[in-house]
Amino acid sequence: MGKFIYGNNGVEVEIEDRTLAHLKIAIFSKLRRNESFSFSWQVDADSGSGRHSVWLSPSAMVHFHFYGNRPPSLNRAWLKLMMGSANEGDLRLMDEPSDAEVDLGTAATQARW
C-alpha cells in the first residue's frame, strides 16, 4: 500500500502501490500539459464509505508515497483507460483490466464508483 497525498490540508488516500504507480503517471501527464481535472475515488465500507473528489490543477500540491522499494511493471492498457477518464474530466480509480476486458472494451465500465 502507498498513499496519494493532496494539498496542504493532508488529504491522504491509501492505494495499492501498483495502482498508485499508474495513477501517478496519469496525473503527472495531465499536469505536465497544464491541464486541470478532477480525481475521484470510492471509500470502502470498512473505511467509512462514500465517494470523494479533488480538483487537480498544475498548481496543486500532490505527493505519491510508495511503501514498496521497486517500481512495478506498467500496463499500457490500464494507463490508457485512466488517461481516457482524465481526458473526460474525471480521473477515477479502476481495477486493472484483464486482457479479455481490454479486447472487449468493457474495462472502462468498471471504474470504482
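Is D90 buried or exposed? In this predicted model, D90 has a relative accessible area of 17%, and because the limit for a buried residue is under 20%, D90 counts as buried. The side chain of D90 meets that of R92 in a salt bridge, with 2.9 Å from N to O. R92 itself is partly exposed, at 24% relative accessibility.

This pair belongs to a set of four salt bridges in the structure. Another of them joins R18 and E96, at 2.7 Å from N to O.

Strand β1 (residues 2-6) pairs with β2 in the antiparallel sense, over five bridges. The open sheet to which they belong has three strands in the order β2-β1-β5, with antiparallel pairing. Its edge strands, each pairing on one side only, are β2 (11-15) and β5 (62-65). On average, and with direction ignored, neighbouring strands of this sheet are turned by 15 degrees against each other. Helix α1 (residues 17-32) packs on the sheet and touches β1, β2 and β5; the direction of α1 makes about 155 degrees with that of β5.

The largest nonpolar core holds 24 residues, of which F4, L23, I27, F39, L56 and L91 touch the most other members. Two or more residues of this core come from each of β1, β2, α1, β3 (37-42), β4 (51-56) and α2 (76-87). Helix α1 gives the most, with five residues. F4 is buried, with a relative accessible area of 0%. Leaving aside residues up to four places away in sequence, the contacts of F4 include V13, L20, I27, F39, V54, L56 and F64.

F4 is also part of an aromatic arrangement. A pair of aromatic rings is described by the distance of the centres and the angle of the planes. The structure has five aromatic pairs. F4 and Y6 form a stacked pair, with 6.5 Å centre to centre and 20 degrees between the planes. Y6 is buried, at 17% relative accessible area. The ring centres of F39 and W41 are 5.1 Å apart and the planes stand at 35 degrees, so this pair is tilted. Both members are buried: F39 has a relative accessible area of 0%, and W41 one of 5%. Ring pairs link F4, Y6, F28, F39, W41 and F64 into a cluster.

A last feature concerns the backbone. Most residues other than glycine have a negative phi. N34 is not a glycine, yet has a positive phi of about 65 degrees. N34 lies in the loop between α1 and β3 and is exposed, with a relative accessible area of 59%.

Methods: Residues numbered from 1 in each chain as written. Predicted model: local features only at pLDDT ≥ 70, side-chain atom pairs only at ≥ 80, totals over all residues. Heavy atoms only, no water. Phe/Tyr/Trp six-rings, centres within 6.5 Å; stacked < 30°, edge-to-face > 60°. Buried < 20%, exposed > 50% of the residue type's maximum accessible area, 1.4 Å probe, protein only. Pairing = 2+ DSSP bridges. Helix = DSSP H or I, 4+ residues; strand = E, 2+ residues; numbered from the N terminus. Axes fitted to C-alpha atoms, helices over the stretch in contact; angles between N-to-C directions. Contact = heavy atoms within 4.5 Å. Core = buried A, V, L, I, M, F, W, Y, C linked by side-chain atoms within 4.5 Å.
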